Amino acid sequence: MTLAELHQLLTAVVTGLADARAHSERATSLLGEARQALVDAQAKADPWLPSQYAQAGEGLDQLLGRLASAEDLVSGYRSRL
């Protein structure tokens, strides 16, 4: 594998990570919209939310953190080539 091929593959990885982050951020946004829809529909001080809501939010936050770390690692590696 040549250096140019390696750069090309790493660029594809960075692009994939950026896409995954964008999808995860959209999922976070949709989760927030779903929460607001539930709260608005109930229109009370202490709305009921499914227990999975908090788990989904935490999972997405963790995923976004891992994706950011992976992007940093790949970018750092690419810059050293």
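**View 1. How helices and their axes are defined here.** Helices (H or I, at least four residues) and strands (E, at least two) are DSSP runs, numbered from the N terminus. Axes are lines fitted to C-alpha atoms, for helices over the stretch in contact, and angles run from 0 to 180 degrees between N-to-C directions. What you're looking at is a predicted model, in which local features need pLDDT of at least 70 and side-chain atom pairs count only at pLDDT 80 or more, while totals for chains, interfaces and linings use all residues. Residues are numbered from 1 along each chain as its sequence is written, and side-chain values use heavy atoms, with hydrogens and water left out.

**View 2. Helix 1 packs against helix 2.** Helix 1 covers residues 3-42 and helix 2 covers residues 51-80. Their axes sit 9 Å apart, at an angle of about 160°. That makes helix 1 and helix 2 roughly antiparallel to each other (angles under 35 degrees count as roughly parallel, over 145 as roughly antiparallel, 65 to 115 as roughly perpendicular and the rest as oblique). The crossing of the pair is left-handed, a label used if the near helix is turned anticlockwise from the far one by less than a right angle, with right-handed used if clockwise. Who's in the contact of helix 1 with helix 2? There are 18 nonpolar, 7 polar and 5 charged residues.

**View 3. A salt bridge joins arginine 21 and glutamate 71.** A salt bridge here is a side-chain nitrogen of Lys or Arg within 4 Å of a carboxyl oxygen of Asp or Glu, and that rule gives a count of 2. In this one, N and O are 2.9 Å apart. Arginine 21 belongs to helix 1 and glutamate 71 to helix 2, so the pair ties together parts that are 50 residues apart in sequence. (Buried means under 20% relative accessible area, exposed over 50%, partly exposed in between, with a 1.4 Å probe and protein chains only.)

View 4. Arginine 26 is partly exposed, with 45% relative accessibility. Glutamate 33 also comes out as partly exposed, at 45%.

**View 5. Five residues make up the largest nonpolar core.** The members are Leu10, Val14, Leu17, Leu67 and Val74. Helix 1 and helix 2 are the elements that give two or more residues to this core, and the largest share, 3 residues, comes from helix 1. A nonpolar core is a set of buried Ala, Val, Leu, Ile, Met, Phe, Trp, Tyr and Cys residues joined through side-chain atoms within 4.5 Å.

**View 6. Leucine 60 and serine 69 are two stops along helix 2.** Leucine 60 is buried, with a relative accessible area of 15%. Between leucine 60 and leucine 17 there are 14 Å in space, C-alpha to C-alpha, and they're 43 residues apart in sequence. Serine 69 is partly exposed, with 41% relative accessible area. Take serine 69 together with valine 14: they're 55 residues apart in sequence, and 11 Å apart in space, C-alpha to C-alpha.

**View 7. Arginine 35 is found in helix 1.** Its relative accessible area is 32%, which is partly exposed. How far apart are arginine 35 and glutamine 8 in sequence and in space? They're 27 residues apart in sequence and 41 Å apart in space, C-alpha to C-alpha.

How values were computed. Ala, Val, Leu, Ile, Met, Phe, Trp, Tyr, Cys and Pro count as nonpolar, Asp, Glu, Lys and Arg as charged, and the others, Gly among them, as polar.
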